[in-house]
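Please open the model in a viewer and follow the stops below in order. Each stop names a selection and then describes what is found there.

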Amino acid sequence: MEYDAETTSTPSRIVIEGMSTNHYFVQVTLESVRQDQTKATIHANYYGEKTLSLRFQHLLAENLKVSPSRDLAP
């Protein structure tokens, strides 16, 4: 999946916003919950696109070598 993105960050939060190659708006927010835990929130398309959001979550999990949350697993 390719995309163009812009990022903004604070010491405990990073927001990545961009467009997928299918021209869907995608926002990924990574927020520090604890020193050893990060919360990832993924929002795709302006009105929400669950399938694309889940795809991003699983790609992120694969690249970070972590398990996605049980709430969002397919």
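Begin with Val-15: setting aside neighbours within four places in sequence, Val-15 is in contact with Glu-6, Thr-7, Thr-8, Gln-27, Val-28 and Thr-29, where contact means heavy atoms within 4.5 Å. Val-15 lies in strand β2, residues 13–20. Val-15 counts as buried because its relative accessible area is 11%; buried means under 20% relative accessible area, exposed over 50%, and partly exposed in between, with a 1.4 Å probe and protein chains only.

Before continuing, note that this is a predicted model, in which local features need pLDDT of at least 70 and side-chain atom pairs count only at pLDDT 80 or more, while totals for chains, interfaces and linings use all residues. Residues are numbered from 1 along each chain as its sequence is written, and side-chain values use heavy atoms, with hydrogens and water left out.

**Whole chain**

Colour the chain by pLDDT, the predictor's confidence in each residue, from 0 to 100. The protein averages 77, and 80% of the residues score at least 70. Where pLDDT is low, the predicted coordinates should not be read in detail.

Switch to a cartoon. There are 1 helix and 4 strands, in the order β-β-β-β-α from the N terminus; helices (H or I, at least four residues) and strands (E, at least two) are DSSP runs, numbered from the N terminus. Of the 74 residues, 22% count as buried.

**The β3–β4 hairpin**

Select β3 and β4. The two strands form a hairpin with 2 residues between them and pair in the antiparallel sense over 8 bridges; strands pair if DSSP finds at least two bridges between them. Arg-34 has Gln-37, in β4, as its bridge partner.

Now show the side chains of Arg-34 and Asp-36. These meet in a salt bridge at 3.2 Å, N to O, the term requiring a side-chain nitrogen of Lys or Arg within 4 Å of a carboxyl oxygen of Asp or Glu. By this rule the count comes to 1 salt bridge. Asp-36 is exposed, with a relative accessible area of 61%, whereas Arg-34 is partly exposed at 49%.

Move to Thr-29, which is in strand β3. Is Thr-29 buried or exposed? Thr-29 is buried, because its relative accessible area is 8%. Leaving aside neighbours within four places in sequence, Thr-29 is in contact with Arg-13, Ile-14, Val-15, Lys-39, Ala-40 and Thr-41.

**Helix and core**

Select α1. The helix has 15 residues and reaches 21 Å from its first C-alpha to its last, close to the 21 Å expected at 1.5 Å a residue; the expected span is 1.5 Å times one less than the number of residues. Leu-52, Ser-53, Leu-54, Phe-56, Gln-57 and Ala-61 are buried in α1, and the buried residues of this helix pack against β3 and β4.

Then select Val-26, Val-28, Ile-42, Ala-44, Leu-52 and Phe-56, the 6 residues of the largest nonpolar core. The elements giving two or more residues to this core are β3, β4 (37–44) and α1 (50–64). A nonpolar core is a set of buried Ala, Val, Leu, Ile, Met, Phe, Trp, Tyr and Cys residues joined through side-chain atoms within 4.5 Å.

Finish on Ile-42. Apart from neighbours within four places in sequence, Ile-42 is in contact with Gln-27, Val-28, Ser-53, Phe-56 and Gln-57.
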